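Here is a short report on one protein model. Keep the sequence and the structure in view while reading.

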Amino acid sequence: MTGMTKPRSWFLLVAAWIALVGALVVCFTLINKAGGGSTSWVVSLIVSWLPFLMLVGVWVWLSRRNWRGSSGTSWVDLYEQQIVESQRTNALLERIAAALEKHAPG
């Protein structure tokens, strides 16, 4: 999915979700008719909970995929780069403060 644009990938994800729920409804209806109206509790549990579990799974997958920033670096790497930059800025400020103390009258 790396070559896809964002709207197309979201469309495919939604289409797959609709197809999954539709297939579950059709299976549930066929099993219900074949069984004479009574369904097994296992089938009922699967039909009820599988779409929800799939939604949670897709959400976890998307959140882990988006764990990296837009530049391809992780948030930890960006934080470490920020720390290095802060340390460099602090060192420069200390040099400026030392130079000002050296040239201060008094």
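## A first residue

At its relative accessibility, does Glu 85 count as buried, partly exposed or exposed? Glu 85 counts as partly exposed, because its relative accessibility is 35%, and buried would need a value under 20%. Keep in mind that this is a predicted model.

## Overall build

The protein has 3 helices and 0 strands. Along the sequence the pattern reads α-α-α.

Of the 106 residues in the protein, 6% are buried. The accessible surface is about 9000 Å². Carbon and sulfur atoms account for 68% of that surface.

Arg 88 is partly exposed, at 47% relative accessibility. Glu 85 is partly exposed too, at 35%.

The whole structure contains 1 aromatic pair. Trp 49 and Phe 52 form this pair, with ring centres 5.5 Å apart and planes at 80°. The pair is edge-to-face because the angle between the planes is over 60 degrees.

Helix H2 spans residues 41-65 and includes Phe 52. Trp 49 lies in helix H2 as well, 3 residues from Phe 52, or about one turn of the helix. Trp 49 is partly exposed, with a relative accessible area of 44%. For Phe 52 the relative accessible area is 44%, and this residue is also partly exposed.

## The nonpolar surface patch

Which residues form a nonpolar patch on the surface? The members are Trp 41, Val 42, Leu 45, Ile 46, Trp 49, Phe 52, Leu 53, Val 56, Trp 59 and Val 60. Together they have about 1100 Å² of accessible area.

Both rings of the aromatic pair, Trp 49 and Phe 52, come from this patch. Trp 49 passes because its value is 44%.

Technical notes
Residues are numbered from 1 along each chain as its sequence is written. This is a predicted model: local features need pLDDT of at least 70, side-chain atom pairs count only at pLDDT 80 or more; totals for chains, interfaces and linings use all residues. Side-chain values use heavy atoms; hydrogens and water are left out. Patches are made of residues with over 30% relative accessible area and no salt bridge: like charges are joined within 9 Å, nonpolar side chains (Val, Leu, Ile, Met, Phe, Trp, Tyr) within 5 Å. Accessible areas come from the Shrake-Rupley method with a 1.4 Å probe; for residues, only the protein chains shown count as cover. A salt bridge is a side-chain nitrogen of Lys or Arg within 4 Å of a carboxyl oxygen of Asp or Glu. Helices (H or I, at least four residues) and strands (E, at least two) are DSSP runs, numbered from the N terminus. Buried means under 20% relative accessible area, exposed over 50%, partly exposed in between (1.4 Å probe, protein chains only). Rings of Phe, Tyr and Trp (its six-membered ring) pair if their centres lie within 6.5 Å; planes under 30 degrees apart count as stacked, over 60 as edge-to-face and the rest as tilted.
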